[in-house]
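Trainee: I would like to learn how to read the features of a protein model, one after another. Could we go through an example together?

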Amino acid sequence: MNAWLVAAAVLTVGGFGPCLLLGLRGAPEQRLAGLNLAGTVTSAVLLLLAQGFGRSSYTDLALDLAVLAPAGTLVFTRLLAGQEPR
């Protein structure tokens, strides 16, 4: 186990907690922010794992996720735009 893997484990535990808290509780806008944050944290964790394991395929996956996660957020924003506020 090296420092990259330790950093990935710490970010996984510390980073996904707020994402889950926002995603499971709160207004739809807060849930959307939690989803966006989860995509960012996942990209960072995958980049750390790529360095820790020395596998370039994880880097490709992280960069693909970094490009596609905001697009998913835009789709959910479009779906929320049609709802009436509570």
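Mentor: Let us begin with an idea that we shall need at once: a charge sits over a ring if NZ of Lys or CZ of Arg is within 6 Å of the ring centre and within 35 degrees of the ring normal. Please keep in mind that the model before us is predicted.

Trainee: Which residue lies over the face of Tyr 58?

Mentor: Arg 55 takes that place, at 5.9 Å from the ring centre of Tyr 58. Tyr 58 itself is partly exposed, because its relative accessible area is 29%, and buried would mean under 20% while exposed would mean over 50%.

Trainee: How is a pair of aromatic rings described?

Mentor: The general idea is that one gives the distance of the centres and the angle of the planes. A search of the whole structure finds one aromatic pair here. Phe 53 and Tyr 58 form this pair, which is edge-to-face, with 6.2 Å from centre to centre and 70° between the planes.

Trainee: What should I look at in helix H3?

Mentor: Start with the span, which for a helix is expected to be 1.5 Å times one less than its number of residues. Helix H3 covers residues 56-81, and with its 26 residues it reaches 39 Å from its first C-alpha to its last, close to the 38 Å expected. Then look for a bend: H3 has a kink of about 25° at Leu 68, shortly before the proline Pro 70.

Trainee: Which residues in H3 are buried, and what covers them?

Mentor: Ala 62, Ala 69 and Thr 73 are buried in H3, and what covers the buried residues of this helix includes H2. Gly 72, also placed in H3, is partly exposed because its relative accessible area is 27%.

Trainee: Is Ser 43 buried or exposed?

Mentor: Ser 43, which lies in helix H2 (residues 28-53), counts as buried because its relative accessibility is 8%. Leaving out residues up to four places away in sequence, Ser 43 touches Ala 62, Leu 65 and Ala 66.

Trainee: Which residues make up the largest nonpolar core?

Mentor: This core has six residues, namely Ala 8, Cys 19, Ala 38, Val 41, Val 45 and Leu 48. Helix H1 (3-24) and H2 are the elements that give two or more residues to the core, and the largest share, four residues, comes from H2. Cys 19, apart from its neighbours within four places in sequence, is in contact with Gly 34, Leu 37, Ala 38 and Val 41.

Technical notes:
Residues are numbered from 1 along each chain as its sequence is written. This is a predicted model: local features need pLDDT of at least 70, side-chain atom pairs count only at pLDDT 80 or more; totals for chains, interfaces and linings use all residues. Side-chain values use heavy atoms; hydrogens and water are left out. Buried means under 20% relative accessible area, exposed over 50%, partly exposed in between (1.4 Å probe, protein chains only). Contact means heavy atoms within 4.5 Å. Rings of Phe, Tyr and Trp (its six-membered ring) pair if their centres lie within 6.5 Å; planes under 30 degrees apart count as stacked, over 60 as edge-to-face and the rest as tilted. The bend at a residue is the angle between axes fitted to the seven residues ending there and the seven starting there. A nonpolar core is a set of buried Ala, Val, Leu, Ile, Met, Phe, Trp, Tyr and Cys residues joined through side-chain atoms within 4.5 Å.
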